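Here is a note to go with the structure below. Please read the points in order, with the structure open beside them.

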Amino acid sequence: MRFLQPFSNPHRWRVAAACLAAAAVVPAALAATPAELLAGYAKEAGAAPNPDRGQSLFNSRHGREWSCAACHGAVPTAPGRHAATGKPIAALAPAFNPERFTDAAKTDKWFRRNCNDVMGRECTAAEKADVLGWLMTLKP
């Protein structure tokens, strides 16, 4: 019973349990599927995604120099090129690139950076859901 002595205080048991629970959840929070991310954005928006609106948002300029399509192509099923640097960009549609939209943190960073480039602001949850909803309709 000597090995339990450091946890004789009930508060320490709770802290240890919370740490173990957090450690188990962190990797799961980062891994995702496009459908899970879409569901999260739709829930946050409080509305179902509208793929037609997502396609329009993707292909339109919003008072800025670029649209999403400027780098990814009007139908982002093939590799694209960054409009300014020429750097290759892998296909964006999940059916054509299984690595896309599988990490919540990377996806949030991608939306934050690209929405700022295209619209000069962060996308709303509804806009994210609409764009991802449209991208998920693109099939080989």
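1. A term is needed before anything else. A residue is called buried when its relative accessible area is under 20%, exposed when that area is over 50%, and partly exposed in between. By this rule both Trp-110 and Phe-111 are buried. Please keep in mind throughout that the model is a predicted one.

2. Now the overall layout. The protein chain contains six helices and two strands. Read from the N terminus on, its elements follow the order α-α-α-α-β-β-α-α. Of the 140 residues in the protein chain, 32% are buried. The chain exposes about 8,700 Å², and 60% of this is supplied by carbon and sulfur atoms. Take the contacts between residues at least 6 apart in sequence: 55% of them join residues at least 24 apart.

3. Next, the aromatic rings. A pair of aromatic rings is described by the distance of the centres and the angle of the planes. The structure has five aromatic pairs. Tyr-41 and Phe-111 are both buried. Phe-111 also pairs edge-to-face with Trp-110, at 4.9 Å centre to centre and with 75° between the planes. Through ring pairs, Tyr-41, Phe-101, Trp-110 and Phe-111 are linked into a cluster.

4. Where does Phe-101 lie? Phe-101 is placed in the loop between S2 and H5. Its relative accessibility is 6%, so Phe-101 counts as buried. The phi angle of Phe-101 is near 55°, a positive value in a residue other than glycine.

5. The nonpolar core comes next. Which residues have the most contacts inside the largest nonpolar core? They are Leu-37, Phe-58, Phe-101, Phe-111 and Leu-135, in a core of 24 residues. Two or more residues of this core come from each of H2, helix H3 (51-59), H5 and helix H6 (125-137). H5 gives the most, with six residues. As for Phe-58, leaving out residues up to four places away in sequence, the residues it touches include Cys-68, His-72, Leu-92, Val-131 and Trp-134.

6. His-72 lies in helix H4. Is His-72 buried or exposed? With a relative accessible area of 9%, His-72 is buried. Apart from neighbours within four places in sequence, His-72 is in contact with Phe-58, Ala-78, Ile-89, Leu-92 and Trp-110.

7. Then there is the empty space. Rolling a probe the size of a water molecule over the atoms shows where empty space is left. The largest pocket holds about 650 Å³ of space. Its lining is made up of 25 residues, and those nearest its centre are Ile-89, Arg-100, Trp-110, Arg-113 and Asn-114. Helix H4 (69-72), strand S2 (88-89) and H5 each supply at least two residues of this lining. With eight residues, H5 gives the most to it.

8. How many cavities of 30 Å³ or more does a search of the whole structure find? The search finds one. The largest cavity has a volume of about 60 Å³. Among the residues lining this cavity are Leu-57, Cys-68, Trp-110, Phe-111 and Val-131. H5 provides the largest share of the lining, six residues.

9. The last point concerns a loop residue. Glu-122 sits in the loop between H5 and H6. Its relative accessible area is 49%, so Glu-122 is partly exposed. Between Glu-122 and Arg-112 there are 5.4 Å in space, C-alpha to C-alpha, and the two are ten residues apart in sequence. Not counting residues up to four places away in sequence, Glu-122 touches Arg-112, Cys-115 and Glu-127.

Note on methods:
Residues are numbered from 1 along each chain as its sequence is written. This is a predicted model: local features need pLDDT of at least 70, side-chain atom pairs count only at pLDDT 80 or more; totals for chains, interfaces and linings use all residues. Side-chain values use heavy atoms; hydrogens and water are left out. Rings of Phe, Tyr and Trp (its six-membered ring) pair if their centres lie within 6.5 Å; planes under 30 degrees apart count as stacked, over 60 as edge-to-face and the rest as tilted. Buried means under 20% relative accessible area, exposed over 50%, partly exposed in between (1.4 Å probe, protein chains only). A nonpolar core is a set of buried Ala, Val, Leu, Ile, Met, Phe, Trp, Tyr and Cys residues joined through side-chain atoms within 4.5 Å. Helices (H or I, at least four residues) and strands (E, at least two) are DSSP runs, numbered from the N terminus. Contact means heavy atoms within 4.5 Å. Accessible areas come from the Shrake-Rupley method with a 1.4 Å probe; for residues, only the protein chains shown count as cover. On a 1 Å grid over the protein atoms alone, a cavity is a set of points where a 1.4 Å probe fits but cannot get out, and a pocket is an open set with protein on both sides within 12 Å along at least five of seven lines; lining residues have an atom within 4 Å of a point. Grid points are joined across faces, edges and corners, and a volume is the space filled by probe spheres set on the points.
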